[in-house]
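Here is a short briefing to read alongside the model. Have a look at the fold first, and then we can go through its core and its domains together.

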Amino acid sequence: MNIDDLVSTSGEWMKGSGPESDIVISSRIRLARNLADFPFISRTTESDRAEIEKILGGRIAALREAKNTPLETFYVNVGDLEEVDRQFLVERQLISREHADSDGARAVAIDCAERFSVMINEEDHLRFQVMHSGLDLESAWQKINELDNLIEEQVTYAFSNKLGYLTACPTNVGTGLRVSVMLHLPALVITRQIEKVFKSLQKINLAVRGLYGEGSQAMGDFYQISNQITLGMTEEELSKKVSDVVPVLIDYERQAREFLVRESQETLHDRVSRAFGILRTAQTISSEETMHLLSSVRMGVNLGLIGELEIPTINKLFIHTQPAHLQKLSGSELEKFDRNVERASYLRRQLNADKPGDSSQN
Amino acid sequence: MKCQKCDHRQATFHITDLVDGKPSELHLCEECAQNYLSPASEDASEVMPAMAGLLAQHLAVGETADQLARLDQRVCPVCAISFLEFRKQGRLGCPHDYVYFSEELEPLLLNIHDQVHHIGKVPTRCPEGADQQTQLILMRRDMKEAVSSENYELASELRDQIRAIESQSSLGADESPDAESGDADSGDVEAQHPDPESP
(Lines give C-alpha, C1' and ligand atoms only; values in the text may rest on other atoms or scores of the structure.)
Protein backbone atom coordinates (compact mmCIF):
# COMPACT_ATOMS: atom_id res chain seq x y z
CA MET A 1 0.00 0.00 0.00
CA ASN A 2 1.19 3.56 -0.66
CA ILE A 3 -0.02 7.16 -0.68
CA ASP A 4 -1.68 6.84 -4.07
CA ASP A 5 -3.96 4.15 -2.66
CA LEU A 6 -5.40 6.74 -0.26
CA VAL A 7 -6.35 9.20 -2.97
CA SER A 8 -9.71 7.82 -3.92
CA THR A 9 -10.86 7.17 -0.32
CA SER A 10 -11.64 9.80 2.27
CA GLY A 11 -10.12 8.43 5.44
CA GLU A 12 -11.46 7.23 8.76
CA TRP A 13 -11.99 10.63 10.31
CA MET A 14 -14.22 11.86 7.49
CA LYS A 15 -16.22 8.66 7.23
CA GLY A 16 -19.30 10.21 8.79
CA SER A 17 -20.10 7.27 11.03
CA GLY A 18 -19.92 6.73 14.76
CA PRO A 19 -21.89 8.33 17.59
CA GLU A 20 -23.23 11.88 17.03
CA SER A 21 -21.62 12.01 13.61
CA ASP A 22 -23.99 14.69 12.33
CA ILE A 23 -22.07 17.15 14.51
CA VAL A 24 -18.98 15.30 15.73
CA ILE A 25 -16.64 14.65 12.82
CA SER A 26 -13.90 12.79 14.64
CA SER A 27 -12.21 11.97 17.92
CA ARG A 28 -8.45 12.15 17.96
CA ILE A 29 -5.85 11.42 20.60
CA ARG A 30 -2.14 11.92 20.20
CA LEU A 31 0.84 11.12 22.38
CA ALA A 32 4.26 12.76 22.32
CA ARG A 33 7.26 10.60 23.26
CA ASN A 34 11.03 10.89 23.08
CA LEU A 35 13.84 8.37 23.25
CA ALA A 36 15.80 8.73 26.47
CA ASP A 37 19.19 8.48 24.83
CA PHE A 38 18.96 11.20 22.20
CA PRO A 39 18.69 14.98 22.43
CA PHE A 40 15.37 16.53 21.49
CA ILE A 41 14.98 17.27 17.78
CA SER A 42 16.20 20.89 17.88
CA ARG A 43 19.60 19.74 19.23
CA THR A 44 20.02 16.62 17.12
CA THR A 45 22.49 16.32 14.31
CA GLU A 46 21.52 15.09 10.89
CA SER A 47 22.96 11.68 11.79
CA ASP A 48 21.10 11.62 15.14
CA ARG A 49 17.84 12.09 13.26
CA ALA A 50 18.78 9.36 10.82
CA GLU A 51 19.51 7.03 13.75
CA ILE A 52 16.28 7.86 15.52
CA GLU A 53 14.38 7.26 12.30
CA LYS A 54 16.16 3.93 11.83
CA ILE A 55 15.52 2.77 15.41
CA LEU A 56 11.87 3.77 15.58
CA GLY A 57 11.17 2.75 12.00
CA GLY A 58 12.69 -0.64 12.83
CA ARG A 59 10.49 -1.03 15.90
CA ILE A 60 7.37 -0.25 13.94
CA ALA A 61 8.43 -2.65 11.20
CA ALA A 62 8.84 -5.31 13.89
CA LEU A 63 5.28 -4.67 15.07
CA ARG A 64 4.11 -5.17 11.51
CA GLU A 65 5.56 -8.70 11.71
CA ALA A 66 4.23 -9.42 15.22
CA LYS A 67 2.41 -12.73 15.42
CA ASN A 68 -0.46 -11.87 17.76
CA THR A 69 -1.48 -8.37 16.82
CA PRO A 70 0.24 -7.36 13.61
CA LEU A 71 -0.04 -3.67 12.85
CA GLU A 72 -0.99 -3.24 9.25
CA THR A 73 0.89 -0.12 8.38
CA PHE A 74 2.78 1.29 5.47
CA TYR A 75 5.87 3.38 5.96
CA VAL A 76 6.59 6.65 4.21
CA ASN A 77 9.88 8.57 4.26
CA VAL A 78 8.47 12.07 4.40
CA GLY A 79 11.75 13.69 3.37
CA ASP A 80 11.70 11.80 0.06
CA LEU A 81 8.21 12.94 -0.87
CA GLU A 82 7.22 15.50 -3.46
CA GLU A 83 5.71 18.68 -2.05
CA VAL A 84 2.24 17.70 -3.26
CA ASP A 85 2.40 14.35 -1.44
CA ARG A 86 3.52 15.98 1.80
CA GLN A 87 0.67 18.45 1.51
CA PHE A 88 -1.67 15.55 0.77
CA LEU A 89 -0.74 13.87 4.05
CA VAL A 90 -1.23 17.16 5.92
CA GLU A 91 -4.70 17.62 4.43
CA ARG A 92 -5.47 14.08 5.44
CA GLN A 93 -4.24 14.87 8.99
CA LEU A 94 -1.84 11.94 8.86
CA ILE A 95 1.13 14.23 9.42
CA SER A 96 1.38 17.76 10.81
CA ARG A 97 2.34 20.78 8.78
CA GLU A 98 5.48 21.09 10.90
CA HIS A 99 6.43 17.51 10.04
CA ALA A 100 5.84 18.17 6.34
CA ASP A 101 7.90 21.35 6.31
CA SER A 102 10.87 20.38 8.48
CA ASP A 103 14.21 18.98 7.32
CA GLY A 104 16.17 15.80 7.60
CA ALA A 105 15.27 12.17 8.18
CA ARG A 106 11.62 11.83 9.15
CA ALA A 107 8.90 9.35 8.45
CA VAL A 108 5.35 8.33 9.12
CA ALA A 109 3.85 4.89 9.54
CA ILE A 110 0.23 4.94 8.43
CA ASP A 111 -2.38 2.40 9.43
CA CYS A 112 -3.88 0.92 6.28
CA ALA A 113 -7.36 1.80 7.56
CA GLU A 114 -6.11 5.29 8.50
CA ARG A 115 -7.16 4.84 12.11
CA PHE A 116 -3.73 5.79 13.38
CA SER A 117 -0.45 7.26 12.24
CA VAL A 118 2.98 7.37 13.83
CA MET A 119 5.19 10.35 13.03
CA ILE A 120 8.91 9.95 13.58
CA ASN A 121 11.05 13.07 14.10
CA GLU A 122 8.33 15.64 14.35
CA GLU A 123 8.67 18.16 17.19
CA ASP A 124 9.28 15.11 19.36
CA HIS A 125 10.95 11.87 18.28
CA LEU A 126 7.61 10.15 18.27
CA ARG A 127 4.17 11.62 17.80
CA PHE A 128 1.42 9.14 17.26
CA GLN A 129 -2.28 9.61 16.95
CA VAL A 130 -5.42 7.55 16.79
CA MET A 131 -8.42 8.88 14.87
CA HIS A 132 -11.93 7.56 15.13
CA SER A 133 -15.01 8.76 13.31
CA GLY A 134 -17.70 10.39 15.48
CA LEU A 135 -17.54 10.76 19.26
CA ASP A 136 -15.47 7.84 20.43
CA LEU A 137 -12.74 8.99 22.80
CA GLU A 138 -12.83 6.02 25.10
CA SER A 139 -11.92 3.46 22.49
CA ALA A 140 -9.47 5.90 20.91
CA TRP A 141 -7.65 6.10 24.26
CA GLN A 142 -7.65 2.31 24.62
CA LYS A 143 -6.21 1.95 21.16
CA ILE A 144 -3.47 4.53 21.59
CA ASN A 145 -2.58 3.20 25.03
CA GLU A 146 -2.08 -0.26 23.50
CA LEU A 147 -0.01 1.23 20.72
CA ASP A 148 2.11 3.11 23.25
CA ASN A 149 2.68 -0.09 25.24
CA LEU A 150 3.66 -2.01 22.12
CA ILE A 151 6.23 0.57 21.07
CA GLU A 152 7.48 1.06 24.61
CA GLU A 153 8.22 -2.64 25.03
CA GLN A 154 11.13 -2.05 22.74
CA VAL A 155 12.44 1.44 23.41
CA THR A 156 13.29 3.52 26.47
CA TYR A 157 11.31 6.73 26.65
CA ALA A 158 12.57 9.95 28.23
CA PHE A 159 10.67 10.04 31.50
CA SER A 160 11.01 11.64 34.90
CA ASN A 161 9.18 10.47 37.98
CA LYS A 162 8.23 14.01 38.81
CA LEU A 163 7.38 15.45 35.40
CA GLY A 164 6.34 12.36 33.48
CA TYR A 165 7.09 11.99 29.76
CA LEU A 166 9.60 14.65 28.80
CA THR A 167 8.86 16.59 25.64
CA ALA A 168 10.66 19.22 23.59
CA CYS A 169 8.04 21.84 24.43
CA PRO A 170 7.04 22.28 28.08
CA THR A 171 3.41 22.62 26.97
CA ASN A 172 3.31 18.84 26.32
CA VAL A 173 5.25 17.51 29.29
CA GLY A 174 3.63 15.00 31.66
CA THR A 175 1.23 12.82 29.76
CA GLY A 176 2.23 14.11 26.31
CA LEU A 177 -1.46 13.73 25.59
CA ARG A 178 -3.63 15.83 23.34
CA VAL A 179 -7.26 14.80 23.16
CA SER A 180 -9.29 16.54 20.51
CA VAL A 181 -12.77 16.30 19.15
CA MET A 182 -13.65 17.93 15.86
CA LEU A 183 -17.11 19.42 15.67
CA HIS A 184 -19.14 20.96 12.88
CA LEU A 185 -20.88 24.00 14.41
CA PRO A 186 -22.44 26.05 11.59
CA ALA A 187 -25.60 27.06 13.49
CA LEU A 188 -23.61 28.43 16.43
CA VAL A 189 -21.63 30.50 13.93
CA ILE A 190 -24.75 31.81 12.16
CA THR A 191 -26.46 32.69 15.43
CA ARG A 192 -23.25 34.35 16.66
CA GLN A 193 -23.11 32.26 19.78
CA ILE A 194 -19.81 30.63 18.95
CA GLU A 195 -17.78 33.26 20.81
CA LYS A 196 -19.77 32.70 23.97
CA VAL A 197 -19.03 29.01 23.66
CA PHE A 198 -15.30 29.71 23.23
CA LYS A 199 -15.27 31.88 26.31
CA SER A 200 -16.84 29.22 28.46
CA LEU A 201 -14.41 26.64 27.09
CA GLN A 202 -11.40 28.75 27.87
CA LYS A 203 -12.58 29.13 31.44
CA ILE A 204 -12.22 25.39 31.87
CA ASN A 205 -8.81 25.29 30.16
CA LEU A 206 -9.91 23.81 26.87
CA ALA A 207 -8.51 25.10 23.61
CA VAL A 208 -10.30 25.71 20.33
CA ARG A 209 -8.54 25.19 17.02
CA GLY A 210 -9.62 25.26 13.40
CA LEU A 211 -9.73 22.28 11.05
CA TYR A 212 -5.99 22.17 10.47
CA GLY A 213 -5.13 23.68 13.81
CA GLU A 214 -3.64 26.81 12.34
CA GLY A 215 -5.68 29.42 14.11
CA SER A 216 -9.07 30.92 14.50
CA GLN A 217 -9.94 30.84 10.82
CA ALA A 218 -12.23 27.87 11.27
CA MET A 219 -12.65 26.70 7.71
CA GLY A 220 -16.02 25.18 7.02
CA ASP A 221 -17.20 25.88 10.59
CA PHE A 222 -15.09 23.00 11.88
CA TYR A 223 -13.70 23.40 15.36
CA GLN A 224 -11.37 21.19 17.34
CA ILE A 225 -11.80 21.20 21.08
CA SER A 226 -8.77 19.96 22.99
CA ASN A 227 -7.07 19.94 26.37
CA GLN A 228 -4.45 22.58 27.08
CA ILE A 229 -3.05 21.01 30.21
CA THR A 230 -0.98 17.84 29.94
CA LEU A 231 0.56 17.67 33.42
CA GLY A 232 -0.95 16.92 36.82
CA MET A 233 -3.96 14.97 35.58
CA THR A 234 -4.24 11.37 34.41
CA GLU A 235 -4.86 10.52 30.78
CA GLU A 236 -8.38 9.36 31.64
CA GLU A 237 -9.13 12.61 33.48
CA LEU A 238 -7.86 14.70 30.58
CA SER A 239 -9.88 12.67 28.14
CA LYS A 240 -12.99 12.89 30.30
CA LYS A 241 -12.62 16.64 30.57
CA VAL A 242 -12.97 16.92 26.80
CA SER A 243 -15.60 14.23 26.40
CA ASP A 244 -17.76 15.74 29.17
CA VAL A 245 -18.06 19.04 27.38
CA VAL A 246 -18.83 17.64 23.94
CA PRO A 247 -22.46 16.62 24.65
CA VAL A 248 -23.08 20.15 25.90
CA LEU A 249 -21.71 21.61 22.67
CA ILE A 250 -23.75 19.16 20.62
CA ASP A 251 -26.82 20.26 22.52
CA TYR A 252 -26.08 23.96 21.93
CA GLU A 253 -25.59 23.34 18.21
CA ARG A 254 -28.83 21.34 17.97
CA GLN A 255 -30.72 24.08 19.81
CA ALA A 256 -29.27 26.70 17.49
CA ARG A 257 -30.32 24.64 14.48
CA GLU A 258 -33.82 24.25 15.87
CA PHE A 259 -33.95 27.97 16.49
CA LEU A 260 -32.97 28.68 12.89
CA VAL A 261 -35.57 26.26 11.58
CA ARG A 262 -38.24 27.72 13.82
CA GLU A 263 -37.50 31.41 13.45
CA SER A 264 -36.17 31.75 9.94
CA GLN A 265 -36.88 28.59 8.00
CA GLU A 266 -37.07 30.41 4.65
CA THR A 267 -33.82 32.30 5.15
CA LEU A 268 -32.09 29.13 6.24
CA HIS A 269 -33.50 27.09 3.36
CA ASP A 270 -32.51 29.84 0.96
CA ARG A 271 -28.97 29.93 2.31
CA VAL A 272 -28.59 26.17 2.02
CA SER A 273 -30.12 26.02 -1.47
CA ARG A 274 -27.98 28.84 -2.78
CA ALA A 275 -24.86 27.18 -1.41
CA PHE A 276 -25.83 23.93 -3.11
CA GLY A 277 -26.65 25.81 -6.31
CA ILE A 278 -23.28 27.53 -6.46
CA LEU A 279 -21.39 24.31 -5.76
CA ARG A 280 -23.28 22.57 -8.58
CA THR A 281 -22.78 25.28 -11.17
CA ALA A 282 -19.65 27.28 -10.45
CA GLN A 283 -16.94 27.34 -13.12
CA THR A 284 -14.11 28.38 -10.81
CA ILE A 285 -14.09 28.27 -7.04
CA SER A 286 -11.53 28.67 -4.25
CA SER A 287 -10.93 26.18 -1.49
CA GLU A 288 -12.19 28.67 1.12
CA GLU A 289 -15.47 29.32 -0.66
CA THR A 290 -15.96 25.61 -1.21
CA MET A 291 -15.53 24.89 2.50
CA HIS A 292 -17.87 27.71 3.40
CA LEU A 293 -20.61 26.52 1.05
CA LEU A 294 -20.16 22.84 1.84
CA SER A 295 -20.67 23.72 5.48
CA SER A 296 -24.13 25.15 4.72
CA VAL A 297 -24.96 22.16 2.54
CA ARG A 298 -23.84 19.75 5.25
CA MET A 299 -26.13 21.39 7.77
CA GLY A 300 -28.94 21.44 5.19
CA VAL A 301 -28.60 17.70 4.67
CA ASN A 302 -28.67 17.09 8.44
CA LEU A 303 -31.83 19.19 8.69
CA GLY A 304 -33.50 17.40 5.80
CA LEU A 305 -33.48 20.49 3.58
CA ILE A 306 -31.51 18.71 0.88
CA GLY A 307 -32.64 15.20 0.21
CA GLU A 308 -30.35 13.94 -2.51
CA LEU A 309 -27.02 13.89 -0.69
CA GLU A 310 -25.46 11.83 2.05
CA ILE A 311 -23.15 13.03 4.81
CA PRO A 312 -20.23 10.74 3.87
CA THR A 313 -20.35 12.20 0.35
CA ILE A 314 -20.15 15.76 1.67
CA ASN A 315 -17.39 14.82 4.09
CA LYS A 316 -15.48 13.37 1.15
CA LEU A 317 -15.95 16.58 -0.84
CA PHE A 318 -14.50 18.65 2.02
CA ILE A 319 -11.27 16.74 1.81
CA HIS A 320 -11.12 15.97 -1.91
CA THR A 321 -11.39 19.67 -2.81
CA GLN A 322 -8.28 20.56 -0.78
CA PRO A 323 -5.41 21.66 -3.05
CA ALA A 324 -3.20 18.56 -2.85
CA HIS A 325 -6.11 16.12 -2.99
CA LEU A 326 -7.42 17.86 -6.05
CA GLN A 327 -4.07 17.62 -7.78
CA LYS A 328 -3.62 13.97 -6.85
CA LEU A 329 -7.13 13.20 -8.12
CA SER A 330 -6.61 15.01 -11.39
CA GLY A 331 -3.22 13.39 -11.80
CA SER A 332 -1.34 16.59 -12.50
CA GLU A 333 0.20 19.50 -10.65
CA LEU A 334 -1.93 22.60 -11.01
CA GLU A 335 -1.37 26.29 -10.31
CA LYS A 336 -3.91 28.09 -8.18
CA PHE A 337 -6.03 29.37 -11.06
CA ASP A 338 -6.20 25.95 -12.68
CA ARG A 339 -6.97 24.35 -9.35
CA ASN A 340 -9.99 26.61 -8.92
CA VAL A 341 -11.26 25.59 -12.34
CA GLU A 342 -10.57 21.92 -11.65
CA ARG A 343 -12.23 22.18 -8.23
CA ALA A 344 -15.42 23.62 -9.75
CA SER A 345 -15.40 20.93 -12.41
CA TYR A 346 -14.89 18.19 -9.82
CA LEU A 347 -17.77 19.55 -7.69
CA ARG A 348 -20.10 19.71 -10.71
CA ARG A 349 -19.27 16.12 -11.60
CA GLN A 350 -19.80 14.90 -8.06
CA LEU A 351 -22.95 16.86 -7.31
CA ASN A 352 -24.74 16.59 -10.64
CA ALA A 353 -23.74 13.38 -12.31
CA ASP A 354 -23.90 10.66 -9.74
CA LYS A 355 -26.94 11.51 -7.73
CA PRO A 356 -27.40 8.46 -5.53
CA GLY A 357 -31.15 8.30 -6.18
CA ASP A 358 -33.37 8.91 -3.23
CA SER A 359 -31.33 8.86 -0.09
CA SER A 360 -32.92 11.24 2.34
CA GLN A 361 -30.62 11.47 5.30
CA ASN A 362 -31.43 9.67 8.52
CA MET B 1 -1.94 28.71 29.62
CA LYS B 2 -1.82 32.46 29.25
CA CYS B 3 -1.77 34.48 26.04
CA GLN B 4 1.73 35.11 24.74
CA LYS B 5 0.90 38.66 23.66
CA CYS B 6 -0.98 40.18 26.57
CA ASP B 7 0.11 37.61 29.18
CA HIS B 8 -3.21 38.27 30.81
CA ARG B 9 -6.07 36.29 29.29
CA GLN B 10 -6.15 32.53 28.66
CA ALA B 11 -4.69 31.44 25.34
CA THR B 12 -7.36 29.63 23.36
CA PHE B 13 -6.01 30.13 19.85
CA HIS B 14 -3.04 28.12 18.73
CA ILE B 15 -1.55 29.44 15.56
CA THR B 16 1.19 27.82 13.58
CA ASP B 17 2.97 30.34 11.41
CA LEU B 18 5.88 30.17 9.06
CA VAL B 19 8.64 32.50 10.17
CA ASP B 20 11.57 32.49 7.76
CA GLY B 21 10.28 29.23 6.37
CA LYS B 22 10.20 27.55 9.81
CA PRO B 23 6.97 26.75 11.61
CA SER B 24 6.50 28.65 14.82
CA GLU B 25 3.71 28.23 17.30
CA LEU B 26 1.77 31.04 18.92
CA HIS B 27 -0.64 30.74 21.79
CA LEU B 28 -2.99 33.69 21.96
CA CYS B 29 -6.20 34.80 23.58
CA GLU B 30 -9.14 35.56 21.35
CA GLU B 31 -8.57 39.30 21.25
CA CYS B 32 -4.86 39.14 20.50
CA ALA B 33 -5.49 36.37 17.96
CA GLN B 34 -7.93 38.60 16.10
CA ASN B 35 -5.42 41.43 16.03
CA TYR B 36 -2.73 39.07 14.91
CA LEU B 37 -4.79 37.52 12.14
CA SER B 38 -6.31 40.74 10.82
CA PRO B 39 -4.59 42.00 7.67
CA ALA B 40 -3.57 45.23 9.41
CA SER B 41 -1.03 43.47 11.57
CA GLU B 42 0.33 40.54 9.66
CA ASP B 43 3.85 41.20 10.80
CA ALA B 44 5.11 37.79 11.82
CA SER B 45 8.36 39.26 13.10
CA GLU B 46 6.59 40.11 16.34
CA VAL B 47 6.13 36.44 17.04
CA MET B 48 9.43 35.41 18.49
CA PRO B 49 9.99 38.48 20.67
CA ALA B 50 6.53 37.84 22.08
CA MET B 51 7.46 34.34 23.14
CA ALA B 52 10.77 35.48 24.56
CA GLY B 53 9.03 38.36 26.27
CA LEU B 54 6.52 36.08 27.87
CA LEU B 55 9.15 33.80 29.27
CA ALA B 56 11.23 36.75 30.33
CA GLN B 57 8.32 38.13 32.27
CA HIS B 58 7.87 34.91 34.16
CA LEU B 59 11.51 34.71 34.89
CA ALA B 60 11.87 38.34 35.76
CA VAL B 61 9.94 37.98 38.99
CA GLY B 62 12.51 38.93 41.58
CA GLU B 63 15.25 38.91 38.98
CA THR B 64 17.29 41.89 38.00
CA ALA B 65 18.37 42.41 34.42
CA ASP B 66 21.83 41.24 35.46
CA GLN B 67 20.50 38.07 36.98
CA LEU B 68 18.39 37.41 33.90
CA ALA B 69 21.40 37.94 31.67
CA ARG B 70 23.39 35.51 33.79
CA LEU B 71 20.55 33.02 33.64
CA ASP B 72 20.49 33.28 29.87
CA GLN B 73 24.13 32.29 29.74
CA ARG B 74 23.57 29.00 31.56
CA VAL B 75 24.28 26.09 29.25
CA CYS B 76 23.04 22.51 29.66
CA PRO B 77 26.07 20.23 30.03
CA VAL B 78 24.42 17.50 27.96
CA CYS B 79 22.92 19.17 24.90
CA ALA B 80 24.72 22.53 25.19
CA ILE B 81 21.57 24.60 24.75
CA SER B 82 21.70 27.95 26.55
CA PHE B 83 18.70 29.21 28.43
CA LEU B 84 18.61 32.18 26.07
CA GLU B 85 18.29 29.81 23.11
CA PHE B 86 15.41 28.04 24.81
CA ARG B 87 13.70 31.36 25.49
CA LYS B 88 14.07 32.31 21.85
CA GLN B 89 12.83 29.12 20.26
CA GLY B 90 10.53 27.78 22.99
CA ARG B 91 11.89 24.24 22.58
CA LEU B 92 14.21 22.45 24.96
CA GLY B 93 17.29 20.60 23.77
CA CYS B 94 17.27 17.35 25.76
CA PRO B 95 15.56 15.61 28.69
CA HIS B 96 18.30 16.82 31.05
CA ASP B 97 17.18 20.42 30.51
CA TYR B 98 14.21 19.67 32.76
CA VAL B 99 16.72 18.91 35.53
CA TYR B 100 19.33 21.51 34.73
CA PHE B 101 16.86 24.38 34.27
CA SER B 102 14.33 23.04 36.76
CA GLU B 103 14.15 26.20 38.86
CA GLU B 104 13.71 28.39 35.82
CA LEU B 105 11.13 26.09 34.26
CA GLU B 106 8.96 25.60 37.32
CA PRO B 107 7.10 28.95 37.12
CA LEU B 108 6.54 28.36 33.42
CA LEU B 109 5.14 24.86 34.04
CA LEU B 110 2.88 26.21 36.75
CA ASN B 111 1.64 28.86 34.39
CA ILE B 112 0.89 26.38 31.63
CA HIS B 113 -0.43 23.44 33.65
CA ASP B 114 -1.20 24.76 37.14
CA GLN B 115 0.69 21.67 38.30
CA VAL B 116 4.24 20.40 38.46
CA HIS B 117 3.68 16.73 39.30
CA HIS B 118 2.88 13.99 36.82
CA ILE B 119 0.20 11.56 38.00
CA GLY B 120 -0.54 9.77 34.72
CA LYS B 121 0.86 6.74 32.98
CA VAL B 122 4.33 5.43 33.82
CA PRO B 123 6.35 3.46 31.29
CA THR B 124 7.39 -0.06 32.24
CA ARG B 125 10.88 0.61 30.97
CA CYS B 126 12.18 3.82 32.42
CA PRO B 127 15.60 4.83 33.50
CA GLU B 128 15.64 5.48 37.22
CA GLY B 129 15.70 9.22 36.99
CA ALA B 130 17.22 11.79 34.78
CA ASP B 131 20.85 11.12 35.65
CA GLN B 132 20.84 7.87 33.75
CA GLN B 133 19.17 9.49 30.79
CA THR B 134 21.86 12.11 30.82
CA GLN B 135 24.44 9.39 30.91
CA LEU B 136 22.91 7.67 27.93
CA ILE B 137 23.03 10.77 25.76
CA LEU B 138 26.59 11.59 26.76
CA MET B 139 27.74 8.00 26.35
CA ARG B 140 26.07 7.78 22.99
CA ARG B 141 27.88 10.91 21.90
CA ASP B 142 31.16 9.54 23.23
CA MET B 143 30.49 6.26 21.46
CA LYS B 144 29.95 8.03 18.17
CA GLU B 145 33.17 9.93 18.59
CA ALA B 146 34.95 6.67 19.37
CA VAL B 147 33.51 5.10 16.22
CA SER B 148 34.51 8.03 14.05
CA SER B 149 38.03 7.93 15.44
CA GLU B 150 38.02 4.16 14.78
CA ASN B 151 38.45 3.36 18.45
CA TYR B 152 36.15 0.36 18.21
CA GLU B 153 37.26 -1.11 21.50
CA LEU B 154 36.08 1.96 23.41
CA ALA B 155 32.94 2.15 21.27
CA SER B 156 32.15 -1.45 22.06
CA GLU B 157 32.70 -0.86 25.78
CA LEU B 158 30.44 2.15 25.76
CA ARG B 159 27.83 0.23 23.87
CA ASP B 160 27.86 -2.48 26.55
CA GLN B 161 27.46 0.15 29.23
CA ILE B 162 24.54 1.76 27.39
CA ARG B 163 22.93 -1.62 27.04
CA ALA B 164 23.45 -2.35 30.72
CA ILE B 165 21.67 0.85 31.69
CA GLU B 166 18.85 0.13 29.28
CA SER B 167 18.29 -3.41 30.49
CA GLN B 168 18.41 -2.25 34.14
CA SER B 169 15.54 0.04 33.38
CA SER B 170 13.44 -2.59 31.66
CA LEU B 171 11.89 -3.81 34.94
CA GLY B 172 11.50 -7.43 34.03
CA ALA B 173 10.86 -6.81 30.37
CA ASP B 174 12.45 -9.20 27.93
CA GLU B 175 16.06 -8.88 27.11
CA SER B 176 16.69 -5.34 26.09
CA PRO B 177 16.94 -4.80 22.40
CA ASP B 178 20.24 -3.30 21.49
CA ALA B 179 20.81 0.41 21.44
CA GLU B 180 21.48 0.09 17.74
CA SER B 181 23.75 2.98 17.08
CA GLY B 182 22.68 2.89 13.47
CA ASP B 183 26.16 3.64 12.27
CA ALA B 184 26.23 1.31 9.33
CA ASP B 185 29.94 1.87 9.02
CA SER B 186 30.73 0.81 12.58
CA GLY B 187 30.97 -2.73 11.31
CA ASP B 188 33.17 -4.07 14.10
CA VAL B 189 30.80 -2.97 16.80
CA GLU B 190 27.80 -4.30 14.92
CA ALA B 191 29.46 -7.65 14.43
CA GLN B 192 30.10 -8.11 18.13
CA HIS B 193 26.52 -7.37 18.99
CA PRO B 194 24.12 -9.00 16.59
CA ASP B 195 20.58 -7.75 16.85
CA PRO B 196 18.59 -9.93 19.25
CA GLU B 197 15.33 -10.89 17.60
CA SER B 198 12.32 -9.40 19.26
CA PRO B 199 9.93 -12.08 20.52
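A nonpolar core here is a set of buried Ala, Val, Leu, Ile, Met, Phe, Trp, Tyr and Cys residues joined through C-beta atoms within 7 Å; buried means that 20 or more other C-beta atoms, placed from the backbone, lie within 10 Å of a residue's own. This is a predicted model, in which local features need pLDDT of at least 70 and side-chain atom pairs count only at pLDDT 80 or more, while totals for chains, interfaces and linings use all residues. Residues are numbered from 1 along each chain as its sequence is written, with chains lettered from A and ligands numbered from 1 in the order in which they are written.

**The core**
- The largest nonpolar core has 137 residues, and A:Val108, A:Val118, A:Leu183 and A:Val297 touch the most other members.
- Helix 7 (residues 235-281) of chain A gives this core its largest share, 11 residues (helices are DSSP runs of H or I, at least four residues, numbered from the N terminus).
- Both domain 1 (3-257) and domain 2 (265-361) of chain A contribute residues, so the core lies between them; the bounds come from an automatic or database domain assignment.

**The chain overall**
- Of the 362 residues in chain A, 56% are buried.

**Where the domains meet**
- The C-alpha centres of domain 1 and domain 2 of chain A are 27 Å apart.
- In chain A, 18 residues of domain 1 are in contact with 25 residues of domain 2 (contact means C-beta atoms, placed from the backbone, within 7 Å).
- On the side of domain 1 that touches domain 2, helix 2 of chain A supplies the largest share, four residues.

Notes
Buried ≥ 20, exposed ≤ 12 C-beta atoms within 10 Å, placed from the backbone. Helix = DSSP H or I, 4+ residues; strand = E, 2+ residues; numbered from the N terminus. Contact = placed C-beta atoms within 7 Å.
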